[in-house]
Amino acid sequence: MTPRPTTSEMLEPPLHFDALLTPHRSLSRKGFIILMGVVIVVNFAGGLVFLLKGAWPVFGFCGLDVALVYWAFRANYRAARAHETIQLSDDELRVRRVDQKGRARAWSFQPYWVRLELIEHPDETKDVYLVSHGKALEIAHQLSPAERIDFARALNGALRDLRNGMFRKNA
C-alpha cells in the first residue's frame with residue numbers, strides 16, 4: 001500500500017476495472033414482509049392458546065419473540081449496507097470500503113507494483129489479497145469462495161492488461 005494519503009472518493013473515468021461488491025441477501029423486502037406475517041400469526045395463535053388456558057405470561061413472551069425476530073432481520077439488513085468498490089485506472093488501483101454506518105475508508109495502490117494473491121485454505125475457503133511493498137489488504141471477503149476466484153481472475157486480468165499496455169492513456 002502506498003504511504004500517500006488517499007481520499008475516500010471514487011476514481012474518475014476512464015476506468016479499466018470497476019467492481020461494486022455487496023453482501024448477498026437472499027430475502028427480498030416482499031419475502032421479509034411475508035415471513036414476518038407468518039411469524040406474527042404463528043406466535044399470536046400460540047400465545048392465544050396459552051392465554052385461554054390461563055398462562056397469560058406466555059402471550060407476552062410470544063410478542064417478545066416477534067420483536068426479536070424483527071430486530072435480528074433489521075440488523076441484518078443494516079449490515080447489508082456495507083460495500084466495497086475496487087477501481088483500476090491508468091495510475092491507481094483504489095479499494096474503497098463503506099461500512100454499515102456509511103463511514104468510508106480507502107486504500108491506494110500503484111497498479112504496476114501491486115500483485116494479487118489468492119490463498120486457499122484446507123476448509124475450501126479462499127482469501128483474496130492485494131500485496132504491495134510488504135503490506136497486504138484482504139478484499140472481496142463478502143463473496144463466496146467461487147465468486148472470489150472469478151473476481152480474482154477478472155481483476156488479475158485487468159492488471160495484466162494494464163501492465164502489458166493494452167490500455168492506452170488518452171493524449
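A55 is found in the loop between α1 and α2, where helices (H or I, at least four residues) and strands (E, at least two) are DSSP runs numbered from the N terminus. At 26% relative accessibility, A55 counts as partly exposed, given that buried means under 20% relative accessible area, exposed over 50%, and partly exposed in between (1.4 Å probe, protein chains only).

This is a predicted model, in which local features need pLDDT of at least 70 and side-chain atom pairs count only at pLDDT 80 or more, whereas totals for chains, interfaces and linings use all residues. Residues are numbered from 1 along each chain as its sequence is written, and side-chain values use heavy atoms, with hydrogens and water left out.

In the contact between them, where contact means heavy atoms within 4.5 Å, residues of α1 including F32, L35 and M36 meet residues of α2 including W56, V58 and F59.

N43, placed in helix α1, counts as buried at 15% relative accessibility, and, leaving aside neighbours within four places in sequence, N43 is in contact with C62, D65 and V66.

The largest nonpolar core has 23 residues, and those with the most contacts inside it are L93, L130, I139, F151 and L155; such a core is a set of buried Ala, Val, Leu, Ile, Met, Phe, Trp, Tyr and Cys residues joined through side-chain atoms within 4.5 Å. Helix α3 gives the most to this core, with six residues. Leaving aside its neighbours within four places in sequence, I139 is in contact with E84, V95, R97, V128, L130, F151 and L155.

D161 is found in helix α3 and, at 25% relative accessibility, counts as partly exposed. Two C-alpha separations are set out below.

| Pair | Apart along the chain | C-alpha separation |
|---|---|---|
| A55 and Q110 | 55 residues | 68 Å |
| D161 and H16 | 145 residues | 9.1 Å |
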